[in-house]
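Colleague: I would like to learn how to read features from a model. Where do we begin?

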Amino acid sequence: MEATGNSEILLVYLIGTIGMLLLAGGLFFFFIAYQKRLLLKQLELNRVVQNQQEEIIKNTIQSQENERKRIARDLHDEVGAMLSVVKLTVGRIEKKTEEGKAKELATETKTYLDDVILQVRRISRSLLPPSLEKLGLYFALEELASWVNKSDQLIIECWKSGEQFRFNSKQELAVFRIVQELVNNAIKHAEASRISINIRFAKQLVAVVVGDDGKGFLLEEKMQTGLGLRNLESRSEMANAKFKMKSSPGKGTRAIIILQANE
């Protein structure tokens, strides 16, 4: 009887132990599954937030382009025309006046007006370059380089290989804006003395390489904090282009844009 009682106690103990182990195992797997679900939910939330941010950036870029077009038209059609009328009026005053001081002042005013008209044209062209629509990407980039070189701040060299072909106007504009932003960054932040722009056309493939000899930066830090780089990436995505950048302190910056051109 005593042996039978010990066996029953041992059996109960064994069953209890197995039950506890199963319960612990169940709780462990439940915890793992719960953590996995939380992780998946967090990843999904991150994707939603990222998509929203990308959509906001794209909408912002499109709004900027619309506003640039409007301002460029206003500068060209209204401000430019008004300045030309003022210049003609000053010219008439210059011809009719006989007093030496007044004539000298009128001549000086015309010179100032010429400078202002030139600046208005430059701003209008940078906002919406007419050469991009009329002549294509290479000529627009060449014109950009020419305008910057006139400032004597630095030297920009622009080269082309292959025969230029026209492609989707939105893609052309997106690539031009990317290069324009890279040039502006090199002027404002990189303290560069020389910038190179190389564009290659080959079988509906367009590649643009922009490099400078500026002070460079840590790319990883800029990718985390720099909104400008995110804008460049968003513009590249809008153009269905690949965008890569390489930079390090003291070694300048190099960026490449590659896209399959659409007609």
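Modeller: Begin with burial: a residue counts as buried when its relative accessible area is under 20%, and as exposed when that area is over 50%, with partly exposed in between. Tyr 138 has 9% relative accessibility, so Tyr 138 counts as buried. Bear in mind that this is a predicted model.

Colleague: Is Phe 139 buried, exposed or partly exposed?

Modeller: Phe 139 counts as partly exposed, because its relative accessibility is 37%.

Colleague: Which residues of helix α4 are buried?

Modeller: An α-helix has 3.6 residues a turn, so residues three or four places apart point the same way. In α4 the buried residues include Leu 137, Leu 141, Leu 144 and Val 148.

Colleague: Why does the length of α4 agree with what a helix should span?

Modeller: Helix α4 covers residues 137–150, and at 1.5 Å a residue its 14 residues should span 20 Å; the end C-alpha atoms are 20 Å apart, which agrees. Just after α4, Asp 152 has a positive phi of about 60°.

Colleague: How many aromatic pairs does a search of the whole structure find?

Modeller: The search finds three. Planes over 60 degrees apart count as edge-to-face. The planes of Tyr 138 and Phe 139 are at 70°, with ring centres 5.6 Å apart, so this pair is edge-to-face. Phe 165 and Phe 201 also form an edge-to-face pair, at 5.3 Å centre to centre and 75° between the planes. Phe 165 lies in the loop between β1 and α5 and Phe 201 in strand β2, so their pair ties together parts 36 residues apart in sequence.

Colleague: Which residue lies over the face of Tyr 138?

Modeller: Lys 160 does, at 5.5 Å from the ring centre.

Notes
Residues are numbered from 1 along each chain as its sequence is written. This is a predicted model: local features need pLDDT of at least 70, side-chain atom pairs count only at pLDDT 80 or more; totals for chains, interfaces and linings use all residues. Side-chain values use heavy atoms; hydrogens and water are left out. Helices (H or I, at least four residues) and strands (E, at least two) are DSSP runs, numbered from the N terminus. The expected span of a helix is 1.5 Å times one less than its number of residues. Buried means under 20% relative accessible area, exposed over 50%, partly exposed in between (1.4 Å probe, protein chains only). Rings of Phe, Tyr and Trp (its six-membered ring) pair if their centres lie within 6.5 Å; planes under 30 degrees apart count as stacked, over 60 as edge-to-face and the rest as tilted. A charge sits over a ring if NZ of Lys or CZ of Arg is within 6 Å of the ring centre and within 35 degrees of the ring normal.
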